[in-house]
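Here is a structure to explore together. Take a look at the sequence and the model, and then read on for a guided walk.

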Amino acid sequence: MKLTLKIWRQENAEAKGSLITYPIDGIEGDMSFLEMLDVLNEQLINKGDDPVVFDHDCREGICGSCSLQINGEAHGPDHLVTTCQLHMRKFKDGDTIVIEPFRARAFPLIRDLMVDRSSFERIQQAGGYISVNTSGHTIDANAILINKEDADASFNAAICIGCGACVAACKNASAMLFTAAKVSQFALLPQGRVEATNRVLNMVEQMDKEGFGNCTNTGACEVQCPKGISLEYIARMNREYLTASLKG
Ligand code: SF4
Ligand code: FES
């Protein structure tokens, strides 16, 4: 395939950025989107130009670092996949592909396509843990009976990989889907109930402090989430937050 790439280049957060056009040839359908960017970068390096900076790690849909806005969609045109799992067969010979970083005030740009998502880590640090004693006097996890519905719902929240697509997809740059998933994965299990009240209050407070926008229920986050995290978790977190506020 022959493609035209329009890639956001920006040296740092203060510099002015712009879309730069790169023609590329010899791209095969079986290549992943990141492999296609690797090919481009090799060509740029061979010419003595700076390679395009983009974030990646596992390249198998687990770490959540490969977050790109591709033709206006977080993680591109495929459904339920991350950028590293997106195959070039989703594009046609002759296509133009616009590649931009995730844009949100709480995700400041580092360089080119790489943004700083440590705001998500600070939300996690505000309450995304349980402080049980695991020094040897802990009840075996299998001894605590948990009904299947709750276990499944907790697991389905825990598969959030913290990629930030929900924020990039949202017109308000809201982090409600991410925060709701992280609150719910604990709150739905007995081990997570101990600190549930403080957890939801602290994580929501941190989310607001980081400058994420409000949720207006447009549902774009759910559509572009590569892990299919449901909007229902936002409703669940809102109920939990209300109860916690009344207690607090
Ligand atoms: S909720 Fe989905 S889109 Fe948002 S961070 Fe988690 S996996 Fe990514
Ligand atoms: S590189 Fe880890 S999810 Fe894509």
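The report below covers the domains, the sheet and the ligand surroundings.

## How to read the model

This is a predicted model, in which local features need pLDDT of at least 70, side-chain atom pairs count only at pLDDT 80 or more, and totals for chains, interfaces and linings use all residues. Residues are numbered from 1 along each chain as its sequence is written, while chains are lettered from A and ligands numbered from 1 in the order in which they are written.

## Two domains

Let us start with the overall layout. The protein chain is divided into domain 1 (3–111) and domain 2 (118–247), with bounds that come from an automatic or database domain assignment. Their C-alpha centres lie 29 Å apart. Where the domains touch, 18 residues come from domain 1 and 16 residues from domain 2; two residues are in contact if their C-beta atoms, placed from the backbone, lie within 7 Å.

On the side of domain 1 that touches domain 2, there are 9 nonpolar, 6 polar and 3 charged residues. Here Ala, Val, Leu, Ile, Met, Phe, Trp, Tyr, Cys and Pro count as nonpolar, Asp, Glu, Lys and Arg as charged, and the others, Gly among them, as polar.

## The sheet

Next, follow the strands. Helices (H or I, at least four residues) and strands (E, at least two) are DSSP runs, numbered from the N terminus, and two strands pair if DSSP finds at least two bridges between them. In what order do the 5 strands of the open sheet stand? The order is β2-β1-β5-β3-β4, and the pairing is mixed. Because β2 (18–24) and β4 (73–74) stand at the edges with a single partner strand each, one side of each has no neighbour in the sheet.

Strand β1 (residues 3–9) runs antiparallel to β2, joined by 7 bridges, and I7 has I20 in β2 as its bridge partner. With strand β5 (residues 96–101), β1 pairs in the parallel sense over 4 bridges; there, K6 stands opposite V98. Strand β3 (residues 68–70) is antiparallel to β5, with 3 bridges between them, and Q69 is partnered with E100.

## Around the ligand

Which residues are closest to ligand 1? They are C160, C163, A165, C166 and C225, out of 14 residues that surround ligand 1, each counted as near if its C-beta atom, placed from the backbone, lies within 6 Å.

The shell divides into 11 nonpolar, 2 polar and 1 charged. Both α4 (165–169) and α5 (176–187) supply at least two residues, and α5 gives the most, with 3 residues.
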